[in-house]
Amino acid sequence: MYLCMKKIENRYMINKIRKILDEIENLKANNSDELEALRIQYLSKKGEISSLMDDFRSVAAEQKREIGQKLNELKTKAQAKINELKERFEMQNASDNSIDLTRTAYPYRVGTRHPLSIVRKEICSIFNRLGFNIAEGPEIEDDWHVFSSLNFAADHPARDMQDTFFLQTGTDILLRTHTSSVQTRVMEKTQPPIRIICPGRVYRNEAISYRAHCFFHQVEGLYIDKNVSFADLKQVLMLFAKEMFGNDTKIRLRPSFFPFTEPSAEMDISCNLCGGKGCAFCKHTGWVEILGCGMVDPNVLENCGIDSIIYSGYALGMGIERITNLKYQVKDLRLFSENDVRFLRQFESAI
Ligand code: DAH
């Protein structure tokens, strides 16, 4: 009798497990309250599975293994089903109302243009609008393009190893010290009219400090045609200064000397910090120097195969670092090549 009861009890357990398994597979809940009710019905301490666990204590020892396994399986399946329904609810809720698709995205920090690139682009775009085309030349150059063609005397100090990086001793291969070399390269290949603007990197054998570097950047301008006069140069310089530094900017030209221009001049603009009144930045003069310029020396035209009787022209050259310093008051030249993001990020809002 005792044995018979046990058998029934075991079959009862197995049937019950099967029945609950069936139910669980088809569980459905329409809202979270229903889901919670199901969880309580099956998985809470007083739920159906827990009460089966209680019954399990009276299962015959030889059946414990089989029934124990089935019970465990039931419990995991029930838990998995409840979790699955819960996830489905959460996803539905999310797509129904909890995600606000109109919200702005998290701020995404994009890279910034380097201040020298910003200023280079601005200079070039001003000259582009005046009809100048971009021309570029190599940074590794030879004596002819950097010095000789540009009328530098044989004993000019710039040719000295102290000032210029020569790449191979005993040869005339060197790193260009100015972008004026691009003038020669273009004039050798093209007959006038020539109207070019040449941005690029240049190298000089200087000790690095806050005000000097062994490499920096220049923009060279050149215009060769019939009847080009100093007045044309002045007009273009004035337009450039006003575009770059604002409409109230004044210019002043001081006589100077460059081997490749005759006459030569240096151009100052009215100090863009104090408006010309005088401040520490302009050393209380009201003026700051920004570029060199002049009428192309006839010798240079002839060196490049251009007839200096028919043609004349002007040239100008400026340092991009210098213009950037004036625009943004960067006091230490070394900042431009250190790539410290704290410095670079300050130019995020510039073009
Ligand atoms: N090449 C000169 C320099 O590196 C700058 C310069 C001055 C360029 C006068 C010119 C010019 O074209 O006319 O200092």
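**Note on aromatic pairs, core and cysteines**

1. The count comes to 11 aromatic pairs. Rings of Phe, Tyr and Trp (its six-membered ring) pair if their centres lie within 6.5 Å; planes under 30 degrees apart are stacked, over 60 edge-to-face, and the rest tilted. The model is predicted: local features need pLDDT of at least 70, side-chain atom pairs count only at pLDDT 80 or more, and totals for chains, interfaces and linings use all residues. Residues are numbered from 1 along each chain as its sequence is written, and side-chain values use heavy atoms, with hydrogens and water left out.

2. Take Phe-336 and Phe-343. Their ring centres are 6.0 Å apart and their planes at 70°, so this pair is edge-to-face. Phe-343 also pairs with Phe-347, again edge-to-face, at 5.3 Å centre to centre and 70° between the planes.

3. Phe-343 has 7% relative accessibility. Phe-347 is buried too, at 6%.

4. Ring pairs also link Phe-127, Phe-132, Tyr-223, Phe-240 and Tyr-314 into a cluster. Arg-195 lies over the face of Tyr-223, 4.8 Å from the ring centre. The rule asks for NZ of Lys or CZ of Arg within 6 Å of the ring centre and within 35 degrees of the ring normal. The charged end of Lys-64 sits over the ring of Phe-56, at 5.5 Å from its centre.

5. The largest nonpolar core has 42 residues. Such a core is a set of buried Ala, Val, Leu, Ile, Met, Phe, Trp, Tyr and Cys residues joined through side-chain atoms within 4.5 Å. Ile-123, Phe-127, Phe-240, Ile-290, Tyr-314 and Met-318 have the most contacts inside it. Helix α8 gives the most to this core, with 7 residues. Helices (H or I, at least four residues) and strands (E, at least two) are DSSP runs, numbered from the N terminus.

6. What does Met-318 touch, leaving aside neighbours within four places in sequence? Its contacts (heavy atoms within 4.5 Å) include Ile-123, Phe-127, Phe-240 and Ile-290. His-217, Gln-218 and Val-219 are also among them.

7. The structure holds 0 disulfides (pairs of cysteine sulfur atoms within 2.5 Å). For Cys-274, the nearest cysteine sulfur is that of Cys-271, 3.6 Å away. For Cys-282, the nearest is that of Cys-274, at 3.7 Å. Cys-274 is buried at 14% relative accessible area, and Cys-282 at 3%.

Definitions and conventions. Buried means under 20% relative accessible area, exposed over 50%, partly exposed in between (1.4 Å probe, protein chains only).
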